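Reader: I have a structure open and want to learn how to read it. Where do we begin?

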Amino acid sequence: MKRVLEIEKFRNIGLESKETFVLNNSMKKGEMGNLVILIGENNSGKSNVLDALLAFGSGKIAERDFTELNYDEKYQNPKISLTTKGDDGIYKYKITGKGLEFVECPEKDAYNAPEAIRLQCLKLIDTMRTNFNSGNIHTWDNSLFEFEKILSNNTTVDIITQTFNSLTALTKEIFDYSRRYGHSYIKENITNTCRNNIIIESVLNQRQEYDLSRLDEDYKNRFGIKFFPSIYKYQEKSITTAMLSTSYNQLGQSEFFNELLASIDVKSDLVINTYNSFIKTKNKGILIKLENELNKKLNLVAKRFN
């Protein structure tokens with residue numbers, strides 16, 4: 001079982017064929033923390049891999065992520081997917097420049113949204129037949145008949161989603177025709193069709209939300225981690241000698257010591273208040289106790305790095 005990130009047509013990555021990055025060769029607890037090293041020249045795209053993973057986690061690919069190296073239409077739809085495949089099934093989530101494209105996880109088909117979408121699509125077809133009656137209706141009606149035939153024989157969410165997208169494109173074609181040739185009655189009735197489109201989009205969104213929540217829940221139960229990765233960007237800062245010392249009353253203004261204490265989940269106020277207590281009581285045991293607690297936490301951090 002392994003976890004794989006696939007990137008295609010994202011900035012300068014995977015322009016001719018998708019690039020595959022194996023993140024984990026094992027999903028067993030204690031074995032999944034592999035080290036992935038990206039090696040390349042400056043401006044070769046190392047940071048783009050991390051940005052792709054960041055975009056994947058947000059579920060949205062921005063316009064800046066579309067490649068500028070080739071403006072041909074086939075290059076203008078970046079795709080990112082994360083897949084975990086094993087003997088007991090596939091967990092996969094894929095987004096494109098057009099939005100969410102694909103979700104797969106065990107027990108995915110437990111949700112009954114496809115039937116609701118199918119019925120709304122049939123209702124949309126009926127609305128289009130009723131509202132769009134013009135000299136060109138024969139051509140459109142043939143398309144609507146084909147869509148109706150598909151919906152009668154298929155109930156999978158992928159086929160129904162494709163049919164909905166085709167219906168949306170046909171709606172736009174009819175609207176453009178009416179605007180071009182001045183068929184005002186078609187333009188007046190376009191609202192009814194758009195309203196049906198909104199209903200279908202709502203049902204599709206419900207399906208997608210269900211798929212994503214089910215995917216994340218199943219994945220967490222199966223592997224003990226979230227499906228969607230978190231990205232933390234490390235920014236290197238130089239440390240000067242002057243930054244390595246401070247007084248307790250200046251501790252709150254020390255960026256270095258505040259970052260250091262935050263790394264062990266300690267607030268500077270705790271140290272400052274402890275020193276204030278020592279000044280009042282002259283009890284050195286208060287400082288020794290705090291010192292032992294801080295050293296214990298710092299040693300745990302040091303062991304993780306070593």
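Author: Begin with burial. Buried means under 20% relative accessible area, exposed means over 50%, and partly exposed lies in between (1.4 Å probe, protein chains only). This is a predicted model, in which local features need pLDDT of at least 70, side-chain atom pairs count only at pLDDT 80 or more, and totals for chains, interfaces and linings use all residues. Residues are numbered from 1 along each chain as its sequence is written, and side-chain values use heavy atoms, with hydrogens and water left out.

Reader: Are Asp65 and Arg11 buried or exposed?

Author: Asp65 and Arg11 are both buried. For Arg11, the relative accessible area is 18%. Across the chain, buried residues make up 34% of the 306 residues.

Reader: How do I read a salt bridge?

Author: Side chains of opposite charge can pair when their charged atoms come close. The cut-off is a side-chain nitrogen of Lys or Arg within 4 Å of a carboxyl oxygen of Asp or Glu. Asp65 and Arg11 meet this way, at 2.7 Å from N to O. Asp65 is in the loop between H1 and S3, and Arg11 is in the loop between S1 and S2, 54 residues apart. Salt bridges with shared partners also join Arg11, Asp51 and Asp65 into one network.

Reader: How many salt bridges does the structure hold?

Author: Four. One of them pairs Lys18 with Glu6, with the closest N and O atoms 3.6 Å apart. Lys18 is partly exposed, at 46% relative accessibility. Glu6 is buried, at 17%. Lys9 forms a salt bridge with Glu8, at 3.1 Å between the closest N and O atoms.

Reader: What does phi tell me?

Author: Most residues other than glycine have a negative phi, and most peptide bonds are trans. Lys9 has a positive phi, near 55 degrees. Arg11 also has a positive phi, of about 55 degrees, although it is not a glycine. Lys9 sits in the loop between S1 and S2.

Reader: What are these S and H labels?

Author: Helices (H or I, at least four residues) and strands (E, at least two) are DSSP runs, numbered from the N terminus. The chain has eight helices and five strands.

Reader: How do I read strand pairing?

Author: Two strands pair if DSSP finds at least two bridges between them. S1 (residues 2–8) and S3 (residues 79–86) run antiparallel, joined by seven bridges. Ile7 has Ile80 in S3 as its bridge partner. S3 also pairs with S4 (residues 89–96), in the antiparallel sense, over eight bridges. There, the partner of Ser81 is Lys94 in S4. Ser81 is buried, at 4% relative accessibility.

Reader: And a helix?

Author: An α-helix has 3.6 residues a turn, so residues three or four places apart point the same way. The expected span is 1.5 Å times one less than the number of residues. H7 (residues 268–281) has 14 residues and reaches 20 Å from its first C-alpha to its last, close to the 20 Å expected.

Reader: Which residues are buried in H7?

Author: Ser268, Val271, Ile272 and Thr274 are buried there. They cover an arc of only 160 degrees around the axis, which puts them on the same side of H7. The arc is that of the directions from the helix axis to the C-beta atoms. Just after H7, Lys282 takes a positive phi of about 60 degrees.
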